[in-house]
Amino acid sequence: MTIRRLWRNARLATLAGTDWGLIEQGAIVTEGEHIAWVGPESALPATRGATEEHDLGGALLTPGLVDCHTHLVYGGRRADEAEMRLNGASYESIARAGGGILSTVRATRAASEAELFDQAAARAQTLMDQGVTTLEIKSGYGLTLEDEARCLRVARRLGQERLLSVRTTFLGAHALPPEYQGRADDYISAVCDWLPQLHAQELVDAVDVFCETIGFTPAQTRRVFEAARTLQLPVKLHAEQLSDQGGAALAASYGALSCDHLEHLSPAGIAAMKTNATAAVLLPGAFYMLREARLPPIAALREAGVPMAVATDHNPGTSPALSLPLMAHMACTLFRLTPLEAVRGITVHAAKALGLHDRGTLAVGQRADFAVWALEHPNELTYWFGHNPCRRVVVAAQERST
Ligand SMILES: [Zn+2]
């Protein structure tokens, strides 16, 4: 029998239209894992047969948050390296001392799968406690077939063992592992060879590449995208973070779900993203921690109508961030998004950036993923910082115990 639940006495921010979609004294009826009815309590149809009733005490209820860009599974930490940098050490001296992304690769390879799971689960819990119900997790710190598979298995297991939706992304083309030094094209051949094997193990929902002067070239990116296309897997791209490589236009030409970072995005890149309905994922955490000066072209993206998402980019080197509402706050203060844009950026547009159309708003037929906040208005999600007003989280109509 389908379980019918009534969630009442809440101020709803449905985000279902172009504004906040506020409904005072609202109610939601869920059937199974989905929303069956949403509206003002006064218009509630007879609910006899609702198996459970939840009085939300007048609290604010929003769609569950979607973190659409993280590197959550890794070994070790890089606080010592961050301290060295803050003490004035150069990038070269940090690299000589064994720091940088390859230090995370070493620590990830050295960790057991159980250790990787426990560490990632603790980080996921912190994100979940602040309203996250869907989480994208990339590989990219293993850089061998087996180590990439381990990280993707850990990500999958998180989605199975926690009340959380997880989408996995294969980012084998994240960095050049030491054993391939000077042989980037050979490494890309290996990545293209691993992809079908990982896909056969049902570990891959999408494919990503770090296209940058310190990453991989557009030509190498194209090879990985071709391998993804053969398997009909969607692609996305770390694009235009430190320089304009034309990566966004390339990714858009493959129908990419999203292009992420985008500080150096060109007008041609924006036009290509618009044409191909590719979302822009903005990552203010990395921008902040790297003390970047160049802003993504927000006004031009807005003008073009490109959907803008906001994510944590959680990673141990450039964005050890564990709060999606904080990123929404920073998207407003640093990138000048409006509060409504930023909140749409961590809900409906973040879902779109993952190719998911069944979540991110409160509407009939959507998944019953929502968060309950000790707030009066959703604009407070981008107002407070260093404070967690999240009180309850519901995933597929099941309440997560906190
Ligand atoms: Zn990233």
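Predicted model: local features only at pLDDT ≥ 70, side-chain atom pairs only at ≥ 80, totals over all residues.

Reader: Okay, what coordinates the zinc ion?

Author: H69, H71 and H238, each through NE2, plus D313 through OD, at 2.1 to 2.4 Å. Donors here are N, O and S atoms within 2.8 Å of the metal (3.2 Å for Na, K and Ca), and water is not among the atoms, so sites may look incomplete.

Reader: How are those donor residues spaced in sequence?

Author: The pattern is H-x1-H-x166-H-x74-D. H69 sits in the loop between β6 (65-67) and α1 (79-86), while H238 is in strand β10 (residues 235-239), so that pair links parts of the chain 169 residues apart. Strands are DSSP E runs of at least two residues and helices are H or I runs of at least four, numbered from the N terminus.

Reader: And why is the arrangement irregular?

Author: Because the four donor atoms subtend angles of 82 to 168° around the zinc ion. Four donors count as tetrahedral if all angles lie between 85 and 135 degrees; four count as square planar and six as octahedral if opposite donors are over 155 degrees apart and all others between 65 and 115; anything else is irregular.

Reader: Switching to helices: at what angle do α6 and α7 cross?

Author: Roughly 15°, with the axes of α6 (residues 184-200) and α7 (residues 218-230) coming within 9 Å. That makes α6 roughly parallel to α7, a label for angles under 35 degrees, with over 145 roughly antiparallel, 65 to 115 roughly perpendicular and the rest oblique.

Reader: Which residues of α6 and α7 make the contact?

Author: From α6, A184, D185, I188, S189, V191, C192 and L195; from α7, Q220, R223, V224, A227 and A228. Contact means heavy atoms within 4.5 Å.

Reader: What about α4 and α5, how far apart are their axes?

Author: 10 Å, and α4 (residues 113-129) packs against α5 at about 50°. That makes α4 oblique to α5.

Reader: Last one: at what angle do α5 and α6 pack?

Author: About 40°, with the axes of α5 (residues 145-161) and α6 11 Å apart. L145, A149 and L152 of α5 meet W194, Q197 and L198 of α6.

Key. Residues numbered from 1 in each chain as written. Heavy atoms only, no water. Axes fitted to C-alpha atoms, helices over the stretch in contact; angles between N-to-C directions.
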